[in-house]
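Let's take a friendly walk through this model together. We will begin with a loop, then move to the fold, the core and a pair of helices.

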Amino acid sequence: RNMGNPLIGPAISSHPNYNYSLNNTQKKSFTKFCQTLFPITPIGVNKDASKIDYLFVAAERYRRCLLSNQIYDEKIASAVMGFEALLLTGDEKAELNYRLKLRSTKLASLANYDSTEMFEILGEAYKFRSTFVHGGISSDKDIKNFKISGKHVTMERFSYFLVNLLRKFVIIFALGKIEKKSFIKLIDQSFIRDEANSEILRMLKAIDFRLFNHGPFNITHGA
């Protein structure tokens with residue numbers, strides 16, 4: 001049976017981007033994953049419009065990333081919009097790119113990602129997002145010459161990295177039952193207050209990271 005995206009519920013689209021075969025051990029893990037996340041993640045708009053909030057928007061962007069008919073530019077733009085839903089507020093109007101890069105990098109670094117690489121990755125991703133939402137797409141030359149940390153990275157690998165990171169962020173917010181503005185404030189304070197940094201780490205450790213499937217994915221090396 002097509003169970004759809006674990007962060008949304010039953011399948012909305014008949015065109016998932018990834019197909020998997022599960023052995024008996026994996027079935028048990030997947031069942032636990034669904035039992036843990038389904039009760040606390042957003043449901044469809046057609047069922048309860050009152051559930052539309054930042055977490056629903058981010059999870060919906062993640063779902064869109066999984067559609068097989070998306071070009072890489074659209075997939076990357078969707079992932080970045082998911083990060084924006086989680087880590088930017090509606091009343092912020094200036095330096096959105098910089099705020100998003102800082103906050104996303106900080107949260108990812110506390111989940112053991114390389115902060116220098118993350119800052120570059122998110123900056124490049126935001127460029128794709130800006131180009132796409134203004135009607136442009138990457139040229140063959142752009143794709144051929146695309147590099148992170150001085151090394152060529154394919155669009156498939158780059159988009160997978162971003163989509164996987166968005167999945168992890170949605171899990172953090174969902175399982176942590178986080179109030180968005182308070183958490184953003186905590187992230188901002190963590191740059192100058194050790195206490196805020198420690199509080200975020202405690203929060204992350206309290207979340208079942210086994211739901212992440214694997215550790216940090218280094219974009220310029222093997223998975």
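## Loops, core and packing

N112 sits in the loop between α4 and α5, where helices (H or I, at least four residues) and strands (E, at least two) are DSSP runs, numbered from the N terminus. This is a predicted model, in which local features need pLDDT of at least 70, side-chain atom pairs count only at pLDDT 80 or more, and totals for chains, interfaces and linings use all residues. Residues are numbered from 1 along each chain as its sequence is written, and side-chain values use heavy atoms, with hydrogens and water left out.

Most residues other than glycine have a negative phi.

| Residue | Phi | Relative accessible area |
|---|---|---|
| N112 | about 80° | 63%, exposed |
| S149 | near 55° | 40%, partly exposed |

S149 belongs to the loop between β1 (147–148) and β2 (151–152).

Now for the whole chain. The protein chain has nine helices and two strands, in the order α-α-α-α-α-α-β-β-α-α-α from the N terminus. Of its 223 residues, 44% count as buried. Among contacts (heavy atoms within 4.5 Å) with a separation of 6 or more, 73% are between residues 24 or more positions apart.

Which residues touch the most other members of the largest nonpolar core? They are L86, F158, L162, F169 and F173, in a core of 49 residues. Such a core is a set of buried Ala, Val, Leu, Ile, Met, Phe, Trp, Tyr and Cys residues joined through side-chain atoms within 4.5 Å. α7 gives the most to this core, with twelve residues. Setting aside neighbours within four places in sequence, L162 contacts I76, A79, F83, I121, L122 and A125.

Finally, back to the helices on either side of N112. The axes of α4 and α5 come within 9 Å and cross at roughly 140°; these axes are lines fitted to C-alpha atoms over the stretch in contact, with angles running from 0 to 180 degrees between N-to-C directions. The residues making the contact include L100 and A108 of α4 and F119 and L122 of α5. By class, the contact has nine nonpolar, six polar and one charged residue, counting Ala, Val, Leu, Ile, Met, Phe, Trp, Tyr, Cys and Pro as nonpolar, Asp, Glu, Lys and Arg as charged, and the others, Gly among them, as polar.

Definitions and conventions:
Buried means under 20% relative accessible area, exposed over 50%, partly exposed in between (1.4 Å probe, protein chains only).
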